[in-house]
Amino acid sequence: MRKLIFLVFWVCCFSSAEAKVTSYLTGNPEDVNPPLYGPVLNIGGGGADVDPAIQWMINKVRGCDSCNVKVDVIVLRASGGNGYNAPIYAMNGVDSVETLVITDRRDSLKTYVVARIQKAEVIFFAGGNQCDYVRLFKGTNIERAVKSVYRKGGAVGGTSAGAMIQGNFVFDGCNGSPISSEVLGNPYHSFISFTYDFFQWNYMQSVLVDTHFLQRDRMGRLMGFLARQIQDGRTQQAWGIGISEATSLVIDQNGIAQVMGNGPVYFVLADHFPEICQPNQPLTYSNFKIWKVLSGQTFDLSNRPSSSFYQISVQNGSLSGNPY
């Protein structure tokens, strides 16, 4: 039997002064509302998407790998088009995929937008610029709608910029995107800015996510970001998760994180006050603890390990060895 497919494209403009909300809908426009078995997360490192990780989200929340239960997926983005619709709709257990391109904070006041997010079982943030997501969604009905999906046992995922907003501490990129040498040389570089109190997912306490990790040599900047959280009084221990391209970290409802795709993922712990972390001075921080987790391996975020790590220090802005 051939599948019945609805493809709807609409642009909603409430007044000439308002930005347009663009929706691309593939599949059944009706709400399926199945029982859910999450919440779960899928955090992608950018580059090529890891389709098995998206399928993992779908299967986890519907409670099976092979059954007739279906879910509705919402893709949120601040630019771009419907590139995710076809590949996600082709996955097992998908009733519909709707991409919402949101370009104005006032879009969170639109009933259709909020209702569609609330009724979904899976939310996925596309890549782009994490500053757009912070500016457009933080403190809005859209943020609250995404949180409601998570609370009811759904899934939240994202890649690149869409992954970087999933930690409790967010490097928001609103002032620029520094490279490692700039952060190590001055952890208060003007490019560095953080956002707090956005999403607060289970098992992501005191966590900052960075993406494109190996490919863009971001270990040094992640270390500087973590030192800043302690120096600035945000936490006594700061955790970083550095995710390589074409890699996803999926986190189940019990806090077990598994690496999927090419790997690796790096878990970095700063667990003491920095020796030197001041404006216009190179960073000095002894003994960052690092766990390198390869594809197929797991890391327990509910009971974070205290062994099997290696250590790298920063002295006057220079790393003590190869951190990878």
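This is a predicted model: local features need pLDDT of at least 70, side-chain atom pairs count only at pLDDT 80 or more; totals for chains, interfaces and linings use all residues.
1. The points below take them in order of volume.

2. Volume of the largest cavity. The largest cavity has a volume of about 90 Å³.

3. Lining of the largest cavity. Which residues line the largest cavity? They are P29, E30, D31, D72, V73, I74, S96, E98, R116, K119 and A120. When you look for them in the structure, start with strand 4 (71–77), strand 5 (94–101) and helix 3 (111–119), each of which supplies at least two residues of this lining. Strand 4 gives the largest share, 3 residues.

4. How many residues in the lining of the largest cavity are charged? The count is 6 charged, with 4 nonpolar and 1 polar. Among the lining residues are E30, D31, R116 and K119.

5. Volume of the second largest cavity. The second largest cavity holds about 60 Å³ of space.

6. Lining of the second largest cavity. This cavity is lined by 13 residues. Those nearest its centre are G44, D49, V50, T159 and S248. Strand 3 (40–44), strand 7 (155–159) and strand 12 (247–251) each supply at least two residues of the lining.

7. The lining of the second largest cavity divides into 8 polar, 4 nonpolar and 1 charged. For the largest cavity, the division is 1 polar, 4 nonpolar and 6 charged.

Technical notes:
Residues are numbered from 1 along each chain as its sequence is written. Side-chain values use heavy atoms; hydrogens and water are left out. On a 1 Å grid over the protein atoms alone, a cavity is a set of points where a 1.4 Å probe fits but cannot get out, and a pocket is an open set with protein on both sides within 12 Å along at least five of seven lines; lining residues have an atom within 4 Å of a point. Grid points are joined across faces, edges and corners, and a volume is the space filled by probe spheres set on the points. Helices (H or I, at least four residues) and strands (E, at least two) are DSSP runs, numbered from the N terminus. Ala, Val, Leu, Ile, Met, Phe, Trp, Tyr, Cys and Pro count as nonpolar, Asp, Glu, Lys and Arg as charged, and the others, Gly among them, as polar.
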